[in-house]
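Work through these exercises with the model open. Each task is followed by its solution in steps.

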Amino acid sequence: MPGALAIAADVRGGRQSAQESVRDALQRIDARNDAINAFTAITADRAMAAAKAVDAICQTGDDPGPLAGVPFAVKNLFDVRGITTIAGSRIDASNAPASRDATLVARLEAAGAILVGALNMDEYAFGFSTQNTHYGATRNPHDPTRIAGGSSGGSAAAVAAGFVPISLGSDTNGSIRVPAALCGVFGMKPTFGRLSRSGTRLFAASFDHVGPFARSVADVAAIYDALQGPDATDPVCVDRPIEPVTPLLGQGLTGLRVAIADGYFTGGGHAEVFAATEQAAAALGVTNRVELPAPELARAAAMVITASEGAELHLADLKTRSADFDPMTRPLFLSGTLVPAAWYARAQRFRTWYCNELARLFKDVDVILAPATPYPAFPIGQRMTEVDGQELPAAGHLGVFTQPLSFAGLPVLAAPIAGVRPLPLGLQIIAAPWRENLVLRVAAAAEAAGVVGVTPLEF
Amino acid sequence: LPTAIIASDRESWMAQVPRTSESLGRYVEEAAATMGVSIAPEDLPVVIGIFANLARVAQPLMAFALPETVEQAPTFTARSELL
């Protein structure tokens, strides 16, 4: 299927109507969603009405927006006016429908994009595999017997399967980057506080980020540009002006200090992951290596804070109706209720130390490359995996390389490493806070060099 | 499929249990009671396994020589307007 910018160009140029674009997307979803289980709701009537409105604007000669007629879908923790925000849960399914759209849904629609539905996820975003007991597992379009990753599994799978060219997800510990890597698409987690989370169901507010999925760097940049901007209704969304990245994509690598993450990021996974990461770095001429400061402690602190904040948020339901939680997540939330306060306080103090150390590191390097996951997608239902001779929980270990980065709120793009078959692997492209422009500049250069890119799927 | 997932997930966390001390198991039960959280018998070994994993990773975090002058990452700002 064409990318977002190609669709928008056709709609804006009168070569295709928005209604045709949306109808095509709905037909693809209708034909294949049962096999992938990416969508939990399809907003066909709303989508066709919005498409009609975009076409009407085009006919008057007015500007329909940079993403005119581009179908998109969102993780089902984003508020969508008129439908209930379930956040992967059965508990929230009895809530009233949302009375308004989440800020980012509204911003994409203001840019001309058209919402076609809501997407599957791990319950309350606590998971890396989207093996949701209530709504079924989302299947990986590259191999439907395998997981799509999570918790934004539906968001990644919907883009990988070609249902929609772009989607939105959330990332607390890796929930955009893990599924993007396992499904072979681009997924970006901007700097913490860059994009508004208003109108989304939070999980662990200290780390909750939102961001886009797409099939090209240019599409990621276009969506990201449309999503930026302050929002007083999200207390962590910063009051910064929009800093468009699209005009900067072609600047190349010249003058940038790019390094590969060493130490912690070169072990704790399967050999093929590190080989692919090294090959990608070598193809870009990257030879410098840097070590992040105590990433294993950053991951530990992220786990402590996530468990505590997530459990506190759901404590009332855990006390009164724990049987209604997904059996996949209930024990995780229950264990979070028991975390000693000293662990939490230590984790939040360690976060300050860690961010300071990273700020020192980023004086000597602009962009860091690292693997996104420790292994490719594993079969649905697999419980353990072997890493360095040790049996580890297969889903829980998926965040080993993403958690130390979101812990510091860094902007990161997970990009599919080109030519990796049969199952995709992702490369994390990482920069200092607020330097999304550098992340996407390196990604664009890597894409142009054939180092990263989406492998088309034939259905 | 869901049943298979539940079973496999339980087993993965229960694999942590043999490494768990008796006192940690007691802590889980007592802390849950103090918090007013009821843990079903079939969930208890899984919760203990997950908590044991948290305790394992928290140990070096708590042992890290963090200067006392380092403050928590979230900072409070007094304000008069509504959020």
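**Exercise 1.** Leaving aside its neighbours within four places in sequence, which residues is A:Asn33 in contact with?

Solution. This is a predicted model.
- Step 1: find A:Asn33 in helix H2 (residues 18-36) of chain A.
- Step 2: list the contacts beyond four places in sequence. They are A:Arg28, A:Ala38, A:Phe39 and A:Phe163.
- Step 3: check accessibility. A:Asn33 has a relative accessibility of 10%, so the residue counts as buried, the cut-off being under 20%.
- Step 4: compare with A:Val258, 225 residues apart from A:Asn33 along the chain. The two C-alpha atoms are separated by 40 Å.

**Exercise 2.** Is A:Arg177 buried or exposed? List its contacts as well.

Solution. 
- Step 1: locate the residue. A:Arg177 lies in helix H6 (residues 177-183) of chain A.
- Step 2: read the relative accessible area. It is 0% for A:Arg177, so this arginine is buried.
- Step 3: leave aside neighbours within four places in sequence. A:Arg177 then touches A:Asp171, A:Gly187, A:Lys189, A:Ala372, A:Thr402, A:Leu405, A:Ser406, A:Val412, A:Ala414 and A:Gln428.

**Exercise 3.** Describe how helix H7 (residues 217-227) of chain A packs on helix H14 (residues 436-448) of chain A.

Solution. 
- Step 1: take the geometry. The axes come within 9 Å and cross at roughly 160 degrees.
- Step 2: classify the angle. Angles over 145 degrees count as roughly antiparallel, so H7(A) is roughly antiparallel to H14(A).
- Step 3: name the hand. The crossing of H7(A) and H14(A) is left-handed.
- Step 4: name the residues. H7(A) contributes A:Val217, A:Ala218, A:Val220, A:Ala221 and A:Tyr224, while H14(A) contributes A:Glu436, A:Leu440, A:Ala443, A:Ala444 and A:Glu447.
- Step 5: sort them. Eight are nonpolar, none is polar and two are charged.

**Exercise 4.** Where do the cis peptide bond from A:Gly150 to A:Ser151 and the one joining A:Arg421 and A:Pro422 lie?

Solution. 
- Step 1: the bond from A:Gly150 to A:Ser151 has omega near 10 degrees. A:Ser151 lies in the loop between strand E7 (143-147) and helix H5 (153-160) of chain A.
- Step 2: for A:Arg421 and A:Pro422, omega is about 0 degrees. A:Pro422 sits in the loop between strand E16 (412-416) and strand E17 (426-431) of chain A.

**Exercise 5.** How many helices and strands are there in chain B, and what is its mean pLDDT?

Solution. 
- Step 1: chain B has three helices and zero strands. Its pattern is α-α-α.
- Step 2: the mean pLDDT of chain B is 84, and 76% of its residues reach 70 or more.
- Step 3: residues 1-5 of chain B stay under 50. Where pLDDT is low, the predicted coordinates should not be read in detail.

Technical notes. Residues are numbered from 1 along each chain as its sequence is written. Chains are lettered from A and ligands numbered from 1 in the order in which they are written. This is a predicted model: local features need pLDDT of at least 70, side-chain atom pairs count only at pLDDT 80 or more; totals for chains, interfaces and linings use all residues. Side-chain values use heavy atoms; hydrogens and water are left out. Axes are lines fitted to C-alpha atoms, for helices over the stretch in contact, and angles run from 0 to 180 degrees between N-to-C directions. Helices (H or I, at least four residues) and strands (E, at least two) are DSSP runs, numbered from the N terminus. Angles under 35 degrees count as roughly parallel, over 145 as roughly antiparallel, 65 to 115 as roughly perpendicular and the rest as oblique. A crossing is left-handed if the near helix is turned anticlockwise from the far one by less than a right angle, and right-handed if clockwise. Contact means heavy atoms within 4.5 Å. Ala, Val, Leu, Ile, Met, Phe, Trp, Tyr, Cys and Pro count as nonpolar, Asp, Glu, Lys and Arg as charged, and the others, Gly among them, as polar. pLDDT is the predictor's confidence in each residue, from 0 to 100. Buried means under 20% relative accessible area, exposed over 50%, partly exposed in between (1.4 Å probe, protein chains only).
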